[in-house]
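Please open the model in a viewer and keep the selection panel at hand. The stops below are to be visited in order.

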Amino acid sequence: MYRSFFLVFIFALLFVSCTKKETHNCEAATLYYTPRCATIKGYVVFENTNTTKVFQQEIDARFHGSDIKVCISYEDVSNWIITADCMTAPPIKILSIKAR
């Protein structure tokens with residue numbers, strides 16, 4: 001009886017952990033769009049931590065510019081640091097971006 005309860009508990013735990021969707025909080029940042037930079041589209045400087053991260057995806061034209069205050073949700077792409085001709089920082093994938 002305990003064995004079957006234990007197996008059901010393990011399967012339930014695996015199901016919950018595999019189906020749980022990560023939520024990404026919106027973080028205050030300053031965005032810099034740098035389309036002339038060879039390997040990146042731009043970078044963001046997060047206000048709370050003063051860290052810089054780069055992004056390689058195209059973003060909405062409303063955010064094409066420099067020193068734009070945004071609230072951004074993102075996920076880290078890898079542990080690698082991208083070295084571009086204009087910036088060196090870890091890459092992110094932007095999930096959502098809003099003007100502040």
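The tour goes to a disulfide and then to a set of paired strands.

This is a predicted model, in which local features need pLDDT of at least 70 and side-chain atom pairs count only at pLDDT 80 or more, while totals for chains, interfaces and linings use all residues. Residues are numbered from 1 along each chain as its sequence is written, and side-chain values use heavy atoms, with hydrogens and water left out.

**The disulfide**

Select C26 and C71, which a disulfide joins with an S to S distance of 1.6 Å (a disulfide being a pair of cysteine sulfur atoms within 2.5 Å). The pair links distant parts of the chain, 45 residues apart: C26 lies in the loop between α1 (2-19) and β1 (27-33), and C71 lies in strand β4 (residues 68-76). Helices (H or I, at least four residues) and strands (E, at least two) are DSSP runs, numbered from the N terminus. The structure holds one disulfide.

Next, show the accessible surface of each cysteine. C26 counts as partly exposed because its relative accessibility is 31%, whereas C71, at 17%, counts as buried. Buried means under 20% relative accessible area, exposed over 50%, and partly exposed in between (1.4 Å probe, protein chains only).

**The paired strands**

Now select strand β2 (residues 42-46) and strand β3 (residues 52-55), which run antiparallel and are joined by four bridges. Two strands pair if DSSP finds at least two bridges between them. In their hairpin, which has five residues between the strands, pick N50, which takes a positive phi near 55 degrees.

Then centre on F55 in β3, which stands opposite G42. Within β7, I92 is the bridge partner of F55.
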